[in-house]
Amino acid sequence: MYFIDPHIHMVSRTTNDYQAMRAAGIVAVIEPAFWLGQARTEASSFKDYFSTLVGWERFRASQFGIKHYCTIGLNSKEANNEALAEKVMELLPLFAAKEGVVAIGEIGYDDQTPAEDKYFRLQIELALKFHLPIMVHTPHRDKKNGTIRSMNVLKEHGVSPNMVVIDHNNEETAKCVLDNGYWAAFTIYPNTKMGNERMADVVKQYGSERIIVDSSADWGVSDPLSVPKTAALMLEKGISREDVHLTCYQNALTAYSQSGQMNESDWSNEMTIQQDSLFEGNSILRGQESQDITFNNIIKN
Ligand SMILES: [Zn+2]
């Protein structure tokens, strides 16, 4: 079975992760622009970060047989530095139209401050202008209110729910997000919040329509294999192969392919990578012999 992890921060992950992910069947990832664990102080740091997402990281993933896409946005935490936020807003249109950018995101609320609200709304307008889907980060504190507020604001701006993935849901928010017609993504963190046992229960309760599983793996305690592990557990618990396929592959593809930047044909053919390929003069090799590696991604879920 093949999988897509539609929310993972690969700049924080190792080459071992890429190899393990590919071996577990992950053929494509989406890397949302987010914060780096500490606040940036210059707009040029954002510029270089966005360039990495559309450049080096995309190349690095490809060298391990994984198609890499990203979302571009100003995260809610750093929206609170308004002087910097203004400058980042000027950068966003330069990156939103780049190859492999499948959404504006992850945007939304953290502490639900007036500045967060301002930049959430400005970025919703940016997504509408570029005809891109939106990836919404729901707050970890006061989640239910933050989620409802996000949906109200999206509605106010006239965004079609099928163009929005609301992420980091839990049992408290799932029903209202689905009832309002949005894609509902669930982040599977090991040992906490949404574990994969609870995810299987959510799919049992709500079915597979518009539900998406992701890892949100980053620099914190997280698991880049959350999607394939959750899929295995769901199958073990008697959830159908079709429902696993939808929640761990197809729904993310359907939602983000609305950008026009992500197609199954990007990875579904046989592909051979040459390890000595260069990106701006650099390869992933560190003195090793170059090998050609062929990945056979014939999708027959
Ligand atoms: Zn994230």
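Me: Which residues of H8 and H9 meet each other?
Reply: In this predicted model, Asn 196, Glu 197, Met 199, Ala 200 and Val 203 on the H8 side meet Lys 229, Thr 230, Leu 233 and Met 234 on the H9 side.

Me: And by class, what has that contact got?
Reply: The contact of H8 with H9 has five nonpolar residues, together with two polar and two charged ones.

Me: How do the axes of H8 and H9 cross?
Reply: The axes of helix H8, which covers residues 196–206, and helix H9, which covers residues 226–236, come within 9 Å and cross at roughly 55°. That angle makes H8 oblique to H9, and the crossing of the two is right-handed.

Me: OK, what about H5 and H6, how do their axes cross?
Reply: Helix H5 (residues 114–130) and helix H6 (residues 143–156) have axes that come within 10 Å and cross at roughly 45°, which makes H5 oblique to H6. H5 passes H6 in a right-handed crossing.

Me: Which residues make that contact?
Reply: From H5 there are Asp 117, Phe 120, Arg 121 and Ile 124, and from H6 there are Arg 149, Ser 150, Val 153, Leu 154 and Glu 156. By class, this contact of H5 with H6 has four nonpolar, one polar and four charged residues.

Me: Switching to the sheet, in what order do the strands come?
Reply: Eight strands form an open sheet in the order S1-S2-S3-S4-S5-S6-S7-S8, and their pairing is parallel. Strand S1 (3–5) and strand S8 (211–214) stand at the edges with a single partner strand each, so one side of each is left without a neighbour in the sheet. On average, and with direction ignored, neighbouring strands of this sheet are turned by 25° against each other.

Me: How many bridges join S3 to S4?
Reply: Three bridges join strand S3 (residues 67–72) to strand S4 (residues 101–108), and the two strands run parallel. Val 101 in S4 is the bridge partner of Cys 70.

Me: Which strands does H2 touch?
Reply: Helix H2 (residues 43–54) packs on the sheet and touches strand S2 (26–32), S3 and S4, while its direction makes about 150° with that of S3.

Me: Last topic, which residues are the protein donors of the zinc ion?
Reply: They are His 7 (NE2), His 9 (NE2) and Glu 106 (OE), which lie 2.1 to 2.2 Å from the zinc ion. His 9 lies in the loop between S1 and helix H1 (15–23) and Glu 106 lies in strand S4, so this pair ties together parts that are 97 residues apart in sequence.

Definitions and conventions: Residues are numbered from 1 along each chain as its sequence is written. This is a predicted model: local features need pLDDT of at least 70, side-chain atom pairs count only at pLDDT 80 or more; totals for chains, interfaces and linings use all residues. Side-chain values use heavy atoms; hydrogens and water are left out. Two strands pair if DSSP finds at least two bridges between them. Helices (H or I, at least four residues) and strands (E, at least two) are DSSP runs, numbered from the N terminus. Axes are lines fitted to C-alpha atoms, for helices over the stretch in contact, and angles run from 0 to 180 degrees between N-to-C directions. Contact means heavy atoms within 4.5 Å. Angles under 35 degrees count as roughly parallel, over 145 as roughly antiparallel, 65 to 115 as roughly perpendicular and the rest as oblique. A crossing is left-handed if the near helix is turned anticlockwise from the far one by less than a right angle, and right-handed if clockwise. Ala, Val, Leu, Ile, Met, Phe, Trp, Tyr, Cys and Pro count as nonpolar, Asp, Glu, Lys and Arg as charged, and the others, Gly among them, as polar. Donors are N, O and S atoms within 2.8 Å of the metal (3.2 Å for Na, K and Ca); water is not among the atoms, so sites may look incomplete.
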